[in-house]
Amino acid sequence: MLMILVKITTFSTFLFPVRSSTDSGDINWWCNKTPYPEPCKYYLSREGGGGGKARRIQRYEFRDLAVNAAVEAAVVALNHVELLRLKCREEREKAAWTDCLKLHETTVFQLEKTLDTTAKHSQFDLQTWLSSALTNLDTCRNGFVELGFSDKIVPVAVISGHVHFS
């Protein structure tokens, strides 16, 4: 879930970078322009409220909805990573867990930073932070997989949108 939301957010920031009053549609209209329209509709219609009513939103509102949903999912994933500490017995598992925890904390920070309207940041900055968040999630997963401890990360992997390992 988290991975998909971050990808939707990254895509929406890249595709819809400028605040404009000419581009608007309901959540379904915006989600249909993303690589994952169905999960987008599911999570963002919950986030956007309106009780299922098709309210028109601007492109920057869509981006903010996507980032808010991703932040919410990132916090849930972070809480699950924190609980994994109890399952880590070996030193290598503990090291992977420590790295994973730091990566998830950084992901939450980076996603929240994209919502900070008081700071001056460019679209390039936003794109960089979102791409970094995706990289952090992959790095966490890969650290456990490479050590042969993928069973430890499954709860976080499912939350993050990774339901299989390759």
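Glu-61 is located in helix α4, which comprises residues 59–84, in what is a predicted model. With a relative accessible area of 24%, the residue is partly exposed, since this value falls between the 20% under which a residue counts as buried and the 50% over which a residue counts as exposed. The side chain of Glu-61 reaches the backbone nitrogen of Gln-58 at a distance of 2.6 Å. Glu-61 can also be placed relative to Ile-27, from which it is separated by 34 residues in sequence and by 9.7 Å in space, C-alpha to C-alpha.

The helix that carries Glu-61, α4, packs with helix α5, formed by residues 91–114, at an angle of about 160° and with the two axes 9 Å apart. The two helices are therefore roughly antiparallel, because angles over 145 degrees are assigned to that class. In passing α5, helix α4 makes a left-handed crossing.

Arg-141 is buried and yet has no salt bridge, the nearest side chain of opposite charge being that of Asp-138, 4.2 Å away; for a salt bridge, the side-chain nitrogen would have to lie within 4 Å of a carboxyl oxygen.

Key
Residues numbered from 1 in each chain as written. Predicted model: local features only at pLDDT ≥ 70, side-chain atom pairs only at ≥ 80, totals over all residues. Heavy atoms only, no water. Helix = DSSP H or I, 4+ residues; strand = E, 2+ residues; numbered from the N terminus. Buried < 20%, exposed > 50% of the residue type's maximum accessible area, 1.4 Å probe, protein only. Polar contact = N/O pair within 3.5 Å; in protein donor to acceptor, adjacent residues only side chain to side chain. Lys, Arg positive; Asp, Glu negative; His and termini not counted. Axes fitted to C-alpha atoms, helices over the stretch in contact; angles between N-to-C directions. Parallel < 35°, antiparallel > 145°, perpendicular 65-115°, else oblique. Left-handed = near helix turned anticlockwise from the far one by under 90°.
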